[in-house]
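Hi,

Here is the structure I promised to pass on to you.

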Amino acid sequence: MMMLPQEGLGRRAFLTSSMALTCSMLTACARPRQAQFADVDQLVRTAIRDSQAPGAVVAIGHEGQIVHRYVYGNRALVPQQEPMTWETHFDMASLTKPTMTALAVMQLVEQGDLHLDDPVTCYLPAFGINGKRSITLRLLLTHYSGLPADLPLEDAWSGKPEAVRRAMTSPLANPPAEKFVYSDINFITLGLIVEKVSGLALNDYVSRNILTPIGMTQSGYLPDTSLKPVIAPTQYDEKNVLLRGVVHDPTARRMGGVAGHAGLFSDAHDMCLYAQALLDRLAGRPSTFPLKRETLLLMATPQQPAGKVDLRGLGWDISTHYSTPRGDIFSHHSFGHTGFTGTSLWIDPDSDSYVLILTNRVHPSGGHSVVKLRHDIATEAARDLGLTSHT
């Protein structure tokens, strides 16, 4: 087990030379970052001691920098124990949805190639059967499409063409625009639209238009086998093979590892780059984030049908039963997302902060939960940043 040293004390704890003359030690003037976030670290240690996850990487960003990072536990327990590191790559699972697929869609919207309130059938005509003709891109992005949660997995189908057929012919679970139901089919369909309109495979589109501009050199789909030693394994598949560098999500796996709802692998460094670029763009600062501020604002503010209480942006969660990673203090203008494997990112533009939590909580045999850990870390992180209440 290891803990990384902190990256500086930040602007608020900076001491001028004149102030330094009055203090014999730095700790006499400002609480060190290590002590400031000690309760966050304790939450991580306790969760891992209680087997909620094998290990964790936590990063807290504030006012333009990583003010705290903590690495604890193991990235692998079987077939042998391996310590967690800051450089560990994780299967990001559903964090793929807002960070990559929704952003790709909004880039195409910004360019005029897509329109949010167009029916899906404008781009994928085969989608229109079984009552789906009125479903728009906006309804897919906010999970108000009425589609069921996932493609049927009971039979042993495989291959992207079969996944496409099942998505196109899927029946509805609810009337469109009536109810929030989180659905992988929504983002499978959005990924197909990106491919159709751009003429690129989704992973190639993302690499060229998102990862490269931001500088996320450690991220992508279908990781090379040379990366396997630094990838956190998840769990055993149906053939009793440990998934390591192969996407955990069974639908994405059957589709070949690249899908709109899952498939991204990344690490803490790259995800912090993403979160900071996003915050910089929202704040009007210089940024590598590949979207205009006004377009990003659409993604990060409520876009669900009028009168609905489950608040969703275009890809991002704002206020639903999935919003526990906000904690009790971060602003109601904050937003984020989680991934089934144990990943989460929550971003608060009001306080210029983010909290990134990366775990492989399903390793080695699934069944563990980090829902409470996400909530508690966010609450404590906000408190340690000096935030006191919702705004």
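Let me start with a question: over the ring of which residue does the charged end of Arg69 sit? That ring belongs to Trp86, and the charged end of Arg69 is 4.4 Å from its centre. Lys132 does something along these lines too: its charged end sits over the ring of Phe127, 4.9 Å from the centre. Please keep in mind throughout that this is a predicted model.

Now the overall picture. The chain holds 12 helices and 10 strands, and its C-alpha atoms fill a box of roughly 75 × 50 × 35 Å along the principal axes. For 391 residues, a compact globule would have a radius of gyration near 21 Å, and the chain agrees with that, at 21 Å. Buried residues account for 58% of the 391. Of the contacts with a separation of 6 or more, 66% are between residues 24 or more positions apart. The chain exposes about 15,500 Å², with carbon and sulfur atoms supplying 56% of that area.

The element I would look at next is strand 10, residues 353-359. Seven of its seven residues are buried, so the strand is largely enclosed by the rest of the structure. Ser353, Val355, Ile357 and Thr359 point one way, while Tyr354, Leu356 and Leu358 point the other way, and all of them are buried. Strand 10 has strand 1 (residues 55-62) as an antiparallel partner, joined to it by seven bridges; here Val57 stands opposite Leu358. Strand 9 (residues 343-348) also pairs with strand 10 in the antiparallel sense, over six bridges, and Ile347 has Tyr354 as its bridge partner.

Strands 9 and 10 form a hairpin with four residues between them. In that turn, Asp352 has a positive phi of about 55°, although it is a residue other than glycine. Asp352 counts as buried, at 15% relative accessibility. Ser51 is another non-glycine residue with a positive phi, about 65°. Ser51 is in the loop between helix 3 (38-49) and strand 1, and at 43% relative accessibility it counts as partly exposed.

On to the aromatic rings: the structure holds six aromatic pairs. One of them is Tyr70 with Tyr72, a stacked pair at 5.9 Å centre to centre with 10° between the planes. Both of these tyrosines are buried. In another, the rings of Tyr274 and Phe289 have centres 5.4 Å apart and planes at 80°, so this pair is edge-to-face. It links distant parts of the chain, 15 residues apart: Tyr274 is in helix 10 (residues 268-283) and Phe289 in the loop between helix 10 and helix 11 (293-300). Tyr274 is buried, with a relative accessible area of 1%, and Phe289 counts as buried at 1% as well. Ring pairs also link Tyr144, Phe180, Tyr182 and Tyr322 into a cluster.

Finally, two peptide bonds for your attention. Val78 and Pro79 are joined by a cis peptide bond, with omega about 0°; Pro79 lies in the loop between strand 2 (65-76) and strand 3 (82-83). A cis peptide bond also joins His363 and Pro364, again with omega about 0°, and Pro364 is in the loop that lies between strand 10 and helix 12 (371-384).

Best wishes

How values were computed: Residues are numbered from 1 along each chain as its sequence is written. This is a predicted model: local features need pLDDT of at least 70, side-chain atom pairs count only at pLDDT 80 or more; totals for chains, interfaces and linings use all residues. Side-chain values use heavy atoms; hydrogens and water are left out. Buried means under 20% relative accessible area, exposed over 50%, partly exposed in between (1.4 Å probe, protein chains only). Helices (H or I, at least four residues) and strands (E, at least two) are DSSP runs, numbered from the N terminus. Two strands pair if DSSP finds at least two bridges between them. Rings of Phe, Tyr and Trp (its six-membered ring) pair if their centres lie within 6.5 Å; planes under 30 degrees apart count as stacked, over 60 as edge-to-face and the rest as tilted. A charge sits over a ring if NZ of Lys or CZ of Arg is within 6 Å of the ring centre and within 35 degrees of the ring normal. The radius of gyration is taken over C-alpha atoms; the globule rule is 2.2 Å times the number of residues to the power 0.38. Contact means heavy atoms within 4.5 Å. Accessible areas come from the Shrake-Rupley method with a 1.4 Å probe; for residues, only the protein chains shown count as cover.
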